[in-house]
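Hi there,

Here is the structure I promised to pass on.

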Amino acid sequence: MNDILQVLLWPALACLVVTGIHAYLGLHVVERGVIFVDLSLAQIASLGATIAFLIGVDVHGDGAYFFSLGFTLIGAALFTLTRTKKGAIPHEAIIGIVYAVSAAATVFVMDRAREGAEHIKYILVGNLLAVGPRDVLKIAILYSIIGLLHWWWREPFLLVSTNPAEAIRRGHNITLWDFLFYATFGIVVTASVAIAGVLLVFSYLIVPSVAAMLFSEKIGTRLTIGWALSTVVSFAGMYGSYALDAPTGATIVCTFGLALALLAGFKKLTAA
């Protein structure tokens, strides 16, 4: 038992911190109908980290983080400017194109670097077991600040995500609030990808929100379900990775998929 605590304590605390902000942001993402914006911004952040790695910046240092953040904010501005009320091109299509190009660019850049395959694996599933107290403290402070901003501006953020027409009627500047959302979202994603990887960050954002939508339409209830599910899956996935000696990030992602399938089956049975 002591061995498990020694290995998994800080990674587990990191997952709890990630759960707190990602379940909330996932509600916005699902309501906006831009499911892959997380993957896209995460991949843009990864591209920034990859370029930083190629030019000799420590991938685990602050330099790589700010390099990634700069790329992410450019992506946030791009997604803000390409959102239109009734555009001929769906916003999700643009987001998907940006993801594909960023992923291809990451592979292209890493092909020029030593240990490229290992770095790409790190980008996808992260390295949760390397998380320490300093990492947990940093993301806890950062996510708390972002959470307070979203609480303070909760009315425009929620209106723009759930009812843009009403937001316009009340005089809110859609472009401004879109950029603020994508910028704060990008800051969170950039920090999360650095420790958890692209796939795990996507799972923490989308799976809890989708699962919660099966059982409730109320924001508060969906948040509660999302937080509870993420917490249970985090601990179950970590214990499974320890017991099976499997990659932690990949195990948690698979556990998220299994949990969603079980909840969907349960919902279907109870509805029948």
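**What I found**

In the protein chain, 78% of the contacts (heavy atoms within 4.5 Å) between residues at least 6 apart in sequence join residues at least 24 apart. This is a predicted model, where local features need pLDDT of at least 70, side-chain atom pairs count only at pLDDT 80 or more, and totals for chains, interfaces and linings use all residues. Residues are numbered from 1 along each chain as its sequence is written, and side-chain values use heavy atoms, leaving out hydrogens and water.

The protein chain has 12 helices and 0 strands (DSSP runs numbered from the N terminus: H or I of at least four residues for helices, E of at least two for strands). Of its 272 residues, 47% count as buried, meaning under 20% relative accessible area with a 1.4 Å probe, protein chains only.

One helix pair may interest you. The axes (lines fitted to C-alpha atoms over the stretch in contact, with angles from 0 to 180 degrees between N-to-C directions) of α2 (residues 37-54) and α9 (residues 174-196) come within 9 Å and cross at roughly 60 degrees. On the α2 side, the contact includes Val37, Leu41 and Ala45, and on the α9 side Tyr182, Phe185 and Val189 are among the residues.

Val37 also contacts Val29, Phe79 and Ile95, among others, leaving aside neighbours within four places in sequence.

Best wishes

Conventions. Buried means under 20% relative accessible area, exposed over 50%, partly exposed in between (1.4 Å probe, protein chains only).
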